[in-house]
Number of protein chains: 2
Amino acid sequence: MPKISKKGNGMPASPIRKLTPYAEQAKHEGKKVYHLNIGQPDIDTPQVMMDAIRSVDFDVWAYTQSEGTESYRTKLAEYYNRAGYNVDAGDILVTSGASEAIVIAMQSCLDPGDEVIIPEPFYANYSAFAWMSSAVIKPVLSFIETGFALPPVSEFEKLITAKTKAIFICNPNNPSGYLYSYEELVELKKLCLKYDLYLFADEAYREFCYDGNKFYSPMHLEGLDDHVIVFDSISKRYSACGARIGCFVTKNKRVLSTALKFAQARLSPGMVDQIAAEAGTDTPESYFEVVNKEYTERRDLLVQALNKMEGVFCPNPKGAFYVVARLPVDDTEKFCQWVLEKFSYDNETVMMAPAAGFYCTEGAGRDEVRLAYVLNKEDLAKAMICLEKALIEYPGRVVKGETETLKEEVRI
Amino acid sequence: MPKISKKGNGMPASPIRKLTPYAEQAKHEGKKVYHLNIGQPDIDTPQVMMDAIRSVDFDVWAYTQSEGTESYRTKLAEYYNRAGYNVDAGDILVTSGASEAIVIAMQSCLDPGDEVIIPEPFYANYSAFAWMSSAVIKPVLSFIETGFALPPVSEFEKLITAKTKAIFICNPNNPSGYLYSYEELVELKKLCLKYDLYLFADEAYREFCYDGNKFYSPMHLEGLDDHVIVFDSISKRYSACGARIGCFVTKNKRVLSTALKFAQARLSPGMVDQIAAEAGTDTPESYFEVVNKEYTERRDLLVQALNKMEGVFCPNPKGAFYVVARLPVDDTEKFCQWVLEKFSYDNETVMMAPAAGFYCTEGAGRDEVRLAYVLNKEDLAKAMICLEKALIEYPGRVVKGETETLKEEVRI
C-alpha cells in the first residue's frame with residue numbers, strides 16, 4: 001500500500017471535534033447533549049440573505065473572478081469604510097471562509113521554517129494552517145488571571161529571530177473572547193515596524209463586542225499599510241457559516257498580487273454565496289443590536305453561573321461568543337470525555353472543548369475549557385446545571401486555592 | 001516592507017489568464033472577443049439545481065460535516081455506482097471544487113521533494129498545486145501526432161525514483177480532449193502495483209465522451225483500491241463552475257482519514273451548494289444527451305475548420321471540450337497576444353490559451369494552442385474565420401512540412 005506523507009500523518013486533527021464519537025455515543029444512549037464545544041451560532045441568518053438566495057436569477061452557474069465579484073467587493077469595501085478602514089474593492093480578495101484567507105497569507109508571506117508569533121490560547125486550526133505551510137508557530141502565553149490580555153511586548157520580543165515573519169492576533173479572540181484595546185494594537189504596531197513584520201489579524205468576530213466596548217483593528221493604525229493583513233468571514237457576522245465566504249484585506253499590493261496567484265489556482269469563490277454575502281452587507285443595524293443583546297445576556301448568564309461554582313473561575317470577556325473557564329479538575333481532556341461517557345443529570349449532559357487544544361505550549365490549559373454560548377438561555381442554564389453537578393461527581397476533582405481570590409477581582 | 005515568501009514569489013501565475021489584460025484592451029477598443037481560452041461552459045445549469053437553490057428552507061446557514069453532508073454523499077455514491085464504481089458514502093469527501101481535492105491529495109500523499117509523474121500537456125494549475133505542496137512534477141511528453149495518447153509505460157518507468165509517489169492523469173484530458181482507453185488504464189495499473197504508487201485521476205470531464213466511446217476509470221480496475229484517488233467536480237458536469245463543489249473518492253481508508261484532517265481544518269464545503277449538487281444527481285439523462293450532441297457538433301465544426309486551414313493540424317479528441325491544435329506560427333504566446341493586440345477582422349478577434357502553459361518541458365507546445373469549444377456554433381464559426389485570417393496576416397508565420405500528412409491520417 002502506498003504510504004501516507006509525513007505532512008499527512010503529522011497534520012493535527014481538530015481538537016474541537018475529537019470528542020465527537022463520545023457525544024454520538026451519549027446521544028445513542030438517549031442522553032441529551034448540550035453542545036458548547038463548537039462555534040456554530042443558533043442565530044437566524046438575515047432575511048436579506050435568504051431572499052437573495054431564493055431569488056437568484058441566472059442560466060449558467062459560472063465562475064466569478066478569482067478575487068471575487070466586483071459588486072461584492074465594492075459593497076464589502078463600503079462595509080469596511082463604515083468601520084473606518086479606508087479601503088477600496090481593489091484591497092480585497094474574497095476567499096472560501098477566513099480559513100482559506102489564512103492559508104493563502106501563510107503561503108504568501110512565510111516560507112518553510114519561517115516563524116509566526118501568536119498569543120495563546122489561539123484558534124486550534126491555526127496550527128493546522130501553519131503545518132500545511134511548514135511554518136512554525138511561536139506561542140506567547142496569555143493568562144486567565146488577566147482575562148487573556150495581550151502579553152507584554154517584551155514577551156513577543158524575546159521570541160523574535162531572523163525567521164520571524166509575522167505576528168498573528170485574533171480579535172475579538174477565539175477562544176478567550178478577549179477584545180484587544182487600541183493601546184495594545186499600538187504596541188503591536190511598534191513591534192511590527194521595528195522588526196519589519198506582518199501583522200495578521202483574524203477579525204471574524206468583529207461585530208461581537210459587548211458592554212459598549214469599541215472594536216479597533218490594525219487597519220485603524222497609521223503607517224502600517226504594508227504590514228497589515230486582515231482575515232475576515234461572514235460565518236459569524238451573519239450566522240452564515242455554511243456560505244464559506246471570507247476575505248483577505250490588505251493595502252500591500254505585492255501581498256495582494258501574490259495572494260491572487262493562489263486564488264487563481266483554485267479558480268473562484270462560490271457565486272451564489274457571494275450574491276448572498278453581497279445582500280448581507282445591507283443587513284439592518286437592528287439585526288446586530290438584537291443579536292448582541294442576546295449574546296450579552298448569554299455571556300452574563302454563563303459567566304455568573306460559572307463563577308458561582310466552587311473552584312471554577314471564568315473571566316468576563318468583552319467580545320466573540322466564547323469563554324475560557326478554569327475548572328477544578330485534574331485534566332479537562334479526561335473530564336470532558338468523562339462528562340459525555342459516564343455522567344448524566346436528568347438524562348442530559350454537556351459537550352465542551354478542552355482548552356489544551358488551543359495551546360501549543362506543552363501542559364498549558366490543562367485545567368481550562370472553552371465554552372461557546374451559541375445556545376438559547378434556557379438550554380445554557382440547563383447546561384450549567386449539568387456542569388455544576390458533573391464537577392461535584394467527577395473523581396478527578398482538584399480545587400486550587402487562588403480561584404476564589406480571582407473571582408473577587410472579576411465581580412462587578 | 002516585509003518580504004514576500006519564496007513560495008509566494010515562485011507560485012506560478014495562471015497561464016490561461018495571462019493574456020486577460022490584452023483581451024480587456026481589445027474590448028476597450030470596441031472589438032468583439034471570442035473567448036476560446038477558458039473552460040467556462042455556456043450550457044444552462046440543470047433546472048433541478050436552480051429549483052433547489054430557489055427553494056432552500058432553513059433558518060441558520062450552518063456548517064455541514066467537514067466531509068460533506070451525509071445525504072449528498074449518499075446520492076453521489078449512487079451516481080458513481082450507476083457508473084460501475086462500487087463505492088459508498090464513506091468513500092467520498094466533498095471538497096470545494098476538484099482543485100481542493102487535488103491539493104488535499106498532494107498534501108496527504110506527497111512530502112516536499114516527492115515526485116508525481118504526469119503526462120503532458122496537463123491542466124496548468126496542477127503545477128500550482130504541486131508548488132503549494134513543494135511536490136515535484138515529472139512530466140512525460142505525449143504528442144499531438146498520436147492525438148496525445150498515453151505515452152508508453154516505459155517512458156513513465158524511466159522517470160521512477162525512490163521519490164516517486166504517484167501517477168496523475170486527467171481523463172478525459174484537459175487540455176487535449178484525449179480519452180484514455182481501458183487498456184491504457186490497465187497499463188497504468190501494472191505500473192502502480194509494481195512500484196507501489198498512487199494513481200490520481202482527475203475526472204471532471206467524465207460525462208463528456210463522444211462518438212459512442214465509453215468512459216473508463218481506474219475505479220473500474222480490480223485490485224487497485226488502495227492506490228486510486230479520483231478527483232471530481234460538478235463544475236463541468238452540470239455547468240455549475242460557480243458552485244465550487246467537487247470531491248475526493250478513494251477506497252483507501254488511511255488516505256481518506258488523513259484527507260479528512262485537512263478538510264476539518266477548513267471546516268466545511270458550502271451548504272447551499274451541496275443542496276444544489278445533491279439535486280443535480282437527479283438531472284435527467286436527456287440533459288446529458290442534449291449537451292453531448294451539442295458539444296459533438298461544436299467539436300466537429302472546430303476540428304474541421306482548423307484542419308482546413310493551411311499549416312494547421314488538430315487531432316479529433318473523444319472527450320472533454322477542448323482541442324489542442326498546432327498552428328503555423330513561431331510562438332503561440334506571441335501569436336495569441338498579437339491576435340488580441342494588433343489584429344481584428346470585422347472588428348472581431350479571438351482569445352486562445354497558448355499551450356506552452358500546459359507543459360513543463362521547456363520549449364514544448366510552443367506551436368500549439370488550447371481551444372475550448374464553449375461558444376455556440378455560430379460564434380465558433382466566426383471565431384474560426386478570425387483565426388484563419390489572423391494566421392494569414394501574422395508576421396511570424398512558419399509552416400512545417402509534416403502538417404498536411406498528419407491531416408490525412410486524421411480525416412475520416
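Predicted model: local features only at pLDDT ≥ 70, side-chain atom pairs only at ≥ 80, totals over all residues.
Colleague: Let's start where the chains meet. How many residues of chain B are in contact with chain A?

Modeller: Contact here means heavy atoms within 4.5 Å. In this model, 76 residues of chain B touch 76 residues of chain A. The area buried between the two chains is about 6,500 Å², and carbon and sulfur atoms give 55% of that. On the chain B side, P2(B), W61(B) and Y63(B) lose the most area to chain A, together 13% of what that side buries.

Colleague: How many salt bridges and polar contacts turn up across the interface?

Modeller: The rule finds zero salt bridges between chain B and chain A. For polar contacts, though, there are 44 residue pairs, with both partners at pLDDT 80 or more.

Colleague: Which helix gives the largest share of chain B's side?

Modeller: That's α9(B), with seven residues. Other helices of chain B supply at least two residues each, including α1 (6–10) and α3 (47–54). By class, chain B's side has 36 nonpolar, 22 polar and 18 charged residues.

Colleague: Now the empty space. How do I look for it?

Modeller: Rolling a probe the size of a water molecule over the atoms shows where empty space is left.

Colleague: Which residues sit closest to the centre of the largest cavity?

Modeller: Of its 27 lining residues, the closest are E100(A), V103(A), E100(B), V103(B) and R266(B). Helices α5 and α6 of both chains, plus α9 of chain A, each supply at least two lining residues. The lining has 13 nonpolar, eight polar and six charged residues.

Methods:
Residues numbered from 1 in each chain as written. Chains lettered and ligands numbered in written order. Heavy atoms only, no water. Buried area = accessible area lost by both parts, 1.4 Å probe. Salt bridge = Lys/Arg side-chain N within 4 Å of Asp/Glu carboxyl O. Polar contact = N/O pair within 3.5 Å; in protein donor to acceptor, adjacent residues only side chain to side chain. Helix = DSSP H or I, 4+ residues; strand = E, 2+ residues; numbered from the N terminus. Nonpolar A, V, L, I, M, F, W, Y, C, P; charged D, E, K, R; others polar. 1 Å grid on protein atoms, 1.4 Å probe; cavity = no way out; pocket = protein on both sides within 12 Å on 5 of 7 lines; lining within 4 Å.
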